[in-house]
Amino acid sequence: MQNNRNNSLDPISIRNWRWNYFLDKTIKGFSIFQSSPYPIENDFLFRESFWGSNSNPKKVILETWGLKTEKIRQARCACLQAGEITSVMNLVISPFNNYDVPFFGADFVTLPSGHLIALDLQPALKDDLIHTKYVLGKLKSIHANWQSKLPSGGDIPSEAKKYFSPGFLWTRIPLGEDGDKLINQVIKPAFDEYLNFFLDLVTNAKRVSPERASILLNGQKKYMRYRAEKDPARGMLRGFFGDIWAENYINNILFDLQ
Ligand code: DBV
């Protein structure tokens, strides 16, 4: 397949990638801000590979979308499709550290075993009341409404818990009609509400003091380091694209503030 992506804002063109709706909504949401491409080398904008048996090789495609704005250091989305079923959207939006705004994190993963949905406004400073007032304000009620309509996602690694807010929407749902129904009737409107709430926080955010900015920077770096070290997709990315490329992608593109 021809690679026709020259910068991170070029449209994603992965046939039958199931998460298009969510990236489209993100792109539309950012149309209220002035944005520019996020610097990403071609080798990470588009990557194609084959896996499985020689007699029946399956294709895997990964494309990376990204942008930056006055208040957003990096908004980026890893978009992956492997064969007919495996479809991944890993979206992380990182504000600059001179705004008291959390990360927006969405990990939407379809595997042969089912769909995994993780959606949250993740705090850079979990125990800081100023930084987390957004949760107590509105996110908790948004979360309660949608989580009540979904099965639980089950346990998460205990060490990961401090990186999630009390508004963490977390579920595992089956493949097939029931799953598709939940994605259309619950996950889509939930995502819209989380994203709009986040974009409002960004719109209303005021620059903080240099002292506060350095405290926020430390919190952001801790989050990024944890995610880079414990990326649950590391094995998958290494398997598809090789260890060196995968480590470069994880540490220098996806979680590049360390
Ligand atoms: N997850 C990523 C990136 C991905 C990705 C960059 C490019 O951070 C995909 C792809 N997440 C991905 C895949 C799986 C998960 C699982 C493929 C399934 C792994 C498997 O079952 O084989 C939220 N993602 C998960 C899980 C959680 C999250 C809780 C299940 C537990 C796990 O398998 O570890 N968001 C994710 C997460 C943190 C976060 C782990 C940590 C702070 O913020």
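# Ligand contacts, buried residues and salt bridges

A polar side-chain atom of Arg 227 comes to 2.8 Å from an oxygen atom of the ligand. Of the 830 Å² of accessible area that the ligand has on its own, the protein covers 84%. The structure described here is a predicted model. In this model, 20 residues surround the ligand, and the closest are Asn 90, Asp 107, Gln 122, Arg 227 and Asp 231. Gln 122 places a polar side-chain atom 2.7 Å from a ligand oxygen. For Asp 231, the distance between an N or O atom of the side chain and an oxygen atom of the ligand is 3.3 Å.

Phe 108 belongs to strand β6, which spans residues 103-111. Its relative accessible area is 0%, so Phe 108 is classed as buried. Apart from neighbours within four places in sequence, Phe 108 is in contact with a set of residues that includes Trp 19, Phe 22, Met 89, Leu 116, Leu 119, Ile 187 and Phe 191. The C-alpha atom of Phe 108 is 22 Å from that of Leu 257, a residue 149 positions away along the chain. Ser 94 is part of strand β5 (residues 86-95). With a relative accessibility of 1%, Ser 94 is also buried. Leaving out residues up to four places away in sequence, Ser 94 touches Ile 72, Arg 73, Gln 74, Phe 103 and Met 224.

Charged residues in loops form a further group. Lys 71 sits in the loop between β3 (58-68) and β4 (72-82). Lys 71 is buried but has no salt bridge, and the nearest side chain of opposite charge, that of Glu 70, is 5.5 Å away. The side chain of Lys 71 instead reaches the backbone oxygen of Val 202, at 3.0 Å. Beyond four places in sequence, the residues that Lys 71 touches include Pro 95, Phe 96, Tyr 99, Thr 203 and Asn 204. Asp 128 occupies the loop between β7 (114-122) and α3 (129-147). Its relative accessible area is 18%, under the 20% limit, and Asp 128 is therefore buried. The side chain of Asp 128 reaches the backbone nitrogen of His 131 at 2.8 Å.

Asn 16 lies in the segment before α1 (20-29). Although Asn 16 is not a glycine, it has a positive phi of about 55 degrees. Asn 16 is partly exposed, its relative accessible area being 34%.

The whole structure contains 12 salt bridges. Three of them are listed below.

| Salt bridge | N to O distance |
|---|---|
| Arg 47 and Asp 43 | 2.6 Å |
| Asp 256 and Arg 73 | 3.1 Å |
| Glu 247 and Arg 234 | 2.7 Å |

Asp 256 forms its salt bridge with Arg 73. Because Asp 256 lies in the segment after α7 (243-254) and Arg 73 in strand β4, this pair ties together parts that are 183 residues apart in sequence. Asp 256 is partly exposed at 23% relative accessible area, whereas Arg 73 is buried at 12%. Glu 247 likewise forms a salt bridge, with Arg 234. Glu 247 lies in helix α7 and Arg 234 in helix α6 (residues 234-241), so the pair ties together parts that are 13 residues apart in sequence. Arg 234 is buried, with a relative accessible area of 17%. A network of salt bridges links Arg 234, Arg 238, Asp 243 and Glu 247. In the remaining pair of the table, Arg 47 is partly exposed at 25% relative accessibility, and Asp 43 is partly exposed at 35%.

Methods
Residues numbered from 1 in each chain as written. Predicted model: local features only at pLDDT ≥ 70, side-chain atom pairs only at ≥ 80, totals over all residues. Heavy atoms only, no water. Helix = DSSP H or I, 4+ residues; strand = E, 2+ residues; numbered from the N terminus. Buried < 20%, exposed > 50% of the residue type's maximum accessible area, 1.4 Å probe, protein only. Lys, Arg positive; Asp, Glu negative; His and termini not counted. Salt bridge = Lys/Arg side-chain N within 4 Å of Asp/Glu carboxyl O. Polar contact = N/O pair within 3.5 Å; in protein donor to acceptor, adjacent residues only side chain to side chain. Contact = heavy atoms within 4.5 Å. Near = heavy atom within 4 Å. Areas by Shrake-Rupley, 256 points an atom, 1.4 Å probe, with all protein chains shown as cover.
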